[in-house]
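Thanks for coming, everyone. I have one structure to walk through today. Let me put it on the screen.

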Amino acid sequence: MKTILLLGAGQEQALAIEQARALGYRTVACDGAASAPGLALADVSRVCDIRDVAALLPIARAERIDGVFCHAVEIPEVVAAVARELGLPGLAPETAHRCTDKHARIAALQRAGIPVAGFAAVRSAGELQRLAREFGFPLVLKPVDNAGSRGVCRVDTEAQLLPAYDDAMRYTGNPEVLVERVLRGPQISTESVVHGGRIHTFAFADRNYEREDFYAPYFIENGINFPSRLPQADQDAVLALVERTIAALDIDFGAAKGDLILHEGRPHVIEMACRTSGGWFGAGSIPAATGVNAIKPLLQMAVGDAPDIDALTPRQQLGCAQRYWIPQGDAVFRAAGNFDAVRAMPGVQMFNTFFPTPGTRLHKAQNHAQRHAQVICTAATREEAIARAEAAIAAIDVVLETA
Ligand SMILES: Nc1ncnc2c1ncn2[C@@H]1O[C@H](COP(=O)(O)OP(=O)(O)O)[C@@H](O)[C@H]1O
Ligand SMILES: [Mg+2]
């Protein structure tokens, strides 16, 4: 029996722990929080900082692991370091760094001739002000080492520059802040698995940014829609760019999740991460829409077993939509309910809630960690799936008090 180390045991990561068990692997799960729901599912569980390689290695050695995997957390560098140290299958740590540090990645992509936003990195507020004079507005500022839109902020005027810099710095321990020119257009999420020199891209969805102006200067995605509404020629161009991007970054093992944007009619890469996607895209809406569950072959690859590559071929193209419950303004959260009724609504494939403790002050969402429930609905058509997902979110009973 092979043993796999699974980093992270939150609600989403628990899905990977269940999959690993279903494959017959012995599971060792780690999470920084003793209350993480996945810990109870694993054969062995350890409370441990999943970003701390030095703390993970003794556990990995003591448990004689055959592989290491992490679903949907931005820690490919940790996964790669543990795999390298123990001589297990995985991505080279250098590649993991290139695909995770936003400055290293965009620089590598630009060198390779991949269309990306114009960019520069700054290390101080003064440097940022000089750069803004050169670049002009609008700009996007982002920490180089975070995810989920944390600290990503749009800047339209000189007066917004320093508050945005503080926002970005709040979400990083890295002195660098990345500054990009603003790209505009429809945004797309893709997911691929790279194995044996081949790229299998099995997911292509339109991201829902319909309330972009309301959430500005922050970027809040309210779920996705399948199938994409982009013309086939644009979809083909995006898929070709996904392949070039994965090759340019040297991703030769495991998952690759892309955020792309059709700017002035031409696909550009916003990011390509070497991990599975979070927000219940990788483990929720992709399986619901296409029948592809990439976690299974990825777990097999992680322990050096032959992966079930056939599992990466879409079996269906259902209409599928995901929507979130997102705070719209200042309020005190009191309670949320009616969950069983929501789960029983037409087309609901997955429904998860992650509301804060009663008494928590909410404000208009500024990043994706501030969304508090998600639903995935399928239907014969995209429009029907969207209507179902919106109705399901609206049916959640949330009690708020004015702040
Ligand atoms: N240069 C840009 N132009 C326009 N929008 C951007 C740009 N960079 C980021 N965004 C928006 O911000 C979101 C988060 O940025 P991203 O670089 O993907 O960081 P994260 O790792 O937090 O997801 C993107 O999905 C996109 O909507
Ligand atoms: Mg992103």
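One caution before I start. This is a predicted model.

Let's begin with ligand 1. How many residues surround ligand 1? There are 20, and the closest are Lys102, Lys142, Ser149, Glu180 and Leu183. By type, the shell splits into nine nonpolar, four polar and seven charged residues. Where do they come from? Strand 6 (139-143), strand 8 (177-181) and strand 13 each give at least two residues to that shell.

Now the polar atoms. The side chain of Lys142 places an N or O atom 2.6 Å from an oxygen of ligand 1. Ser149 works through its backbone: a polar backbone atom there is 2.6 Å from an oxygen of ligand 1. Arg181 also uses the backbone, with a polar atom 2.9 Å from a nitrogen of ligand 1. How much of the ligand does the protein bury? Taken alone, ligand 1 exposes 540 Å², and the protein buries 97% of that.

Keep Lys102 in mind, one of the closest residues to the ligand. Lys102 brings us to the salt bridges.

The structure holds 26 of them. Take Lys102 with Glu271. Their side chains meet in a salt bridge, N to O at 3.6 Å. Glu271 sits in strand 13 (residues 266-273) and Lys102 in helix 5 (residues 102-111), so this pair ties together parts 169 residues apart in sequence. Are these two buried or exposed? Glu271 is buried, at 13% relative accessible area. Lys102 is buried too, at 9%.

Next pair: Arg207 and Glu221. Their closest N and O atoms are 2.7 Å apart, in a salt bridge. Arg207 is in strand 10 (residues 198-207), and Glu221 is in the loop between helix 8 (212-215) and strand 11 (224-226), so the bridge ties together parts 14 residues apart in sequence. Arg207 is buried at 15% relative accessibility. Glu221 is buried at 7%.

Both pairs belong to a network. Lys102, Arg105, Arg207, Glu221, Lys257, Asp259, Glu271 and Arg371 are linked in it by salt bridges.

One more bridge: Lys296 to Asp308, with 3.3 Å between the closest N and O atoms. Lys296 is in helix 11 (residues 295-302), Asp308 in the loop between helix 11 and strand 14 (319-325), twelve residues apart. Lys296 is partly exposed, at 30% relative accessible area. Asp308 is partly exposed at 26%.

That gets us to helix 11 itself. Seven of its eight residues are buried, so the helix is largely enclosed by the rest of the structure. The buried ones are Ile295, Pro297, Leu298, Leu299, Gln300, Met301 and Ala302. What do they pack against? Their partners are strand 1 (3-7), helix 1 (11-22), strand 4 (67-69), strand 9 (187-195), strand 12 (254-263) and helix 10 (281-290). Just after the helix comes Gly304, with a positive phi of about 85°.

Now a buried glutamine. Gln374 lies in strand 18 (residues 373-379). Its relative accessibility is 0%, so Gln374 counts as buried. What does the side chain of Gln374 contact? It makes a polar contact with the side chain of Gln322 at 2.9 Å, and another with the side chain of Asn352 at 2.8 Å. Leaving out residues up to four places away in sequence, Gln374 touches several others, including Trp280, Tyr324, Met350 and Phe354.

Last, the backbone. Most residues other than glycine have a negative phi, and most peptide bonds are trans. Here are some exceptions.

Two cis bonds first. Phe137 and Pro138 are joined by one, with omega about 0°. Pro138 is in the loop between helix 6 (125-135) and strand 6. Phe226 to Pro227 is cis as well, with omega near -10°. Pro227 is in the loop between strand 11 and helix 9 (232-248).

Now positive phi. Ser149 is not a glycine, yet its phi is positive, about 65°. Ser149 lies in the loop between strand 6 and strand 7 (153-155), and is buried at 14% relative accessible area. Glu264 has a positive phi too, near 50°. Glu264 is in the loop between strand 12 and strand 13, and is exposed at 73%.

That's my tour. Questions, please.

Notes. Residues are numbered from 1 along each chain as its sequence is written. Chains are lettered from A and ligands numbered from 1 in the order in which they are written. This is a predicted model: local features need pLDDT of at least 70, side-chain atom pairs count only at pLDDT 80 or more; totals for chains, interfaces and linings use all residues. Side-chain values use heavy atoms; hydrogens and water are left out. A salt bridge is a side-chain nitrogen of Lys or Arg within 4 Å of a carboxyl oxygen of Asp or Glu. Helices (H or I, at least four residues) and strands (E, at least two) are DSSP runs, numbered from the N terminus. Buried means under 20% relative accessible area, exposed over 50%, partly exposed in between (1.4 Å probe, protein chains only). Contact means heavy atoms within 4.5 Å. A residue is near a molecule or strand if one of its heavy atoms lies within 4 Å of it. A polar contact is a pair of N or O atoms within 3.5 Å; within protein, one must be able to donate a hydrogen and the other to accept it, and residues adjacent in sequence count only if both atoms are side-chain atoms. Accessible areas come from the Shrake-Rupley method with a 1.4 Å probe; for residues, only the protein chains shown count as cover. Ala, Val, Leu, Ile, Met, Phe, Trp, Tyr, Cys and Pro count as nonpolar, Asp, Glu, Lys and Arg as charged, and the others, Gly among them, as polar.
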